[in-house]
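This report walks through one protein model. Please look at the sequence and the structure first.

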Amino acid sequence: MVPVAASMSLAQFQSAIAPLDVRRRLCPPKYARRKRLAHAGSRCPLCSIAYDPTTSNGPNFPSLASLVHTSLGGPLTVDNLFVCCRRCQQVRASTDLLTVPNLPADLAAQRHAVLLLAQNHLAPLPPSTTLAAYRSALAQRHALPRSRVYAAQADDGSCYVGVSSRYGDTQSKGLARLLAQVAGTPLNKSPRLTVYRLEDDAFRRVVWQLIEANAWVVGVGRRSRLRDFQDYWWLTSASVGELRLRKVAGVQVPLNASRREVGPRAMRQRKLVAERRAKAQAKADVLFLKQAEVDFDQAMGRLRDQQAMGLPGELEETRYYVNRYWAAYSKVHGQAAMPSLNQ
Ligand SMILES: [Zn+2]
């Protein structure tokens, strides 16, 4: 679990990285390998050809394979291993298991379970995606070697991103270029470690850009209070899309609070728009009042003429125009008492 950090200095960040910056172990432990090989079965689950355990260098010899390759962040556990024939293993190499045609359903399910435990960013694709589209997205995602990026986000807003060049993580020129582009000038640059210091907002943007670019983000410090899904960057088995769908194994991520700061310029703009709208409304109200006054006068005139001729007159119609006029009048001049029709 990524530790909570109240504050962090450059020295603290460097010392937090030191124990993690070791050669990445890619081989699962012996007991795990032995356990899987002991329950190998008799046929390869991928090509259904019977194993030939007699020729140890033959293509049908049972061989261990990982569901999510450890170089792509797969865990070094028994769950991540399965047995297939040597030919299938060599053809597949480190590509994602989903790129294998006719993958059995139980292996696909096991792969999904392992992926949630892996330091592996899920491809942010909807469930309706076709297998072909999924495969090409995965191939694109894993086209470049994965490099580790160390990241820390402290409660006081001091955030760091560091790339070590010590253990095989230097080969990614793309990552170095991306970091220089998105994170600006490094705070500390030595042959071993390049550290960028970022403000909270910039950190959230950069760290998710790195995750989307398939960098292996290793958290060395995180906030104690998590505001929205963007603060869950250290849950690196998930992409932003997965977090937004609240689908990550057992994790309830608060929905985006979307409390975007409104700058002074945007504030002025909003005020101006509101003022203009109010002015236009007032103008329309005055125009409407003039029309209502004319209609009211005409209706009253008609009523007077009819009453002069000894007829009862269109009382309902007149009442409608009176009401309309008084509503318009009180909107422009404030509340006024309703006149009685008989006056
Ligand atoms: Zn096979």
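N214 is found in the loop between helix 7 (200–212) and strand 7. Helices (H or I, at least four residues) and strands (E, at least two) are DSSP runs, numbered from the N terminus. N214 has a positive phi of about 70 degrees, although N214 is not a glycine. N214 is buried, with 24 other C-beta atoms within 10 Å. Buried means that 20 or more other C-beta atoms lie within 10 Å of the residue's own, exposed means 12 or fewer, and partly exposed is in between; C-beta atoms are placed from the backbone.

The model is predicted: local features need pLDDT of at least 70, side-chain atom pairs count only at pLDDT 80 or more, and totals for chains, interfaces and linings use all residues. Residues are numbered from 1 along each chain as its sequence is written.

**Overall make-up**

The protein has ten helices and seven strands. Of its 343 residues, 29% count as buried. Take the contacts between residues at least 6 apart in sequence: 66% join residues at least 24 apart. Two residues are in contact if their C-beta atoms, placed from the backbone, lie within 7 Å.

**Loop residues**

S48 also has a positive phi, of about 65 degrees, without being a glycine. S48 lies in the loop between helix 2 (30–38) and strand 1 (62–66). P59 lies in the loop between helix 2 and strand 1. P59 and R86 are 27 residues apart in sequence, yet 5.0 Å apart in space, C-alpha to C-alpha. Leaving aside neighbours within four places in sequence, P59 is in contact with C85, R86 and R87.

| Residue | Other C-beta atoms within 10 Å | Class |
|---|---|---|
| S48 | 10 C-beta atoms | exposed |
| N214 | 24 C-beta atoms | buried |

Five strands form an open sheet in the order 5-6-4-3-7, with mixed pairing. Two strands pair if DSSP finds at least two bridges between them. The edge strands are strand 5 (188–189) and strand 7, and each pairs on one side only.

How is strand 7 (residues 216–221) placed, enclosed or open? Six of its six residues are buried, so strand 7 is largely enclosed by the rest of the structure.

Strand 3 (residues 148–153) pairs with strand 7 in the parallel sense over five bridges. Strand 3 pairs with strand 4 (residues 159–164) in the antiparallel sense over four bridges. A152 has a bridge partner in each: G221 in strand 7 and Y160 in strand 4.

Helix 7 packs on the sheet. This helix touches strand 3, strand 4, strand 6 (193–198) and strand 7. The direction of helix 7 makes about 35 degrees with that of strand 4.

**A helix pair**

Helix 9 (residues 264–308) and helix 10 (residues 315–333) pack at an angle of about 150 degrees, with their axes 8 Å apart. Axes are lines fitted to C-alpha atoms, for helices over the stretch in contact, and angles run from 0 to 180 degrees between N-to-C directions. The two helices are therefore roughly antiparallel to each other, a term for angles over 145 degrees. Their contact includes F288, L289 and F296 of helix 9, and Y321, V322 and Y325 of helix 10. The contact residues divide into 14 nonpolar, one polar and six charged. Ala, Val, Leu, Ile, Met, Phe, Trp, Tyr, Cys and Pro count as nonpolar, Asp, Glu, Lys and Arg as charged, and the others, Gly among them, as polar.

Terms used
Parallel < 35°, antiparallel > 145°, perpendicular 65-115°, else oblique.
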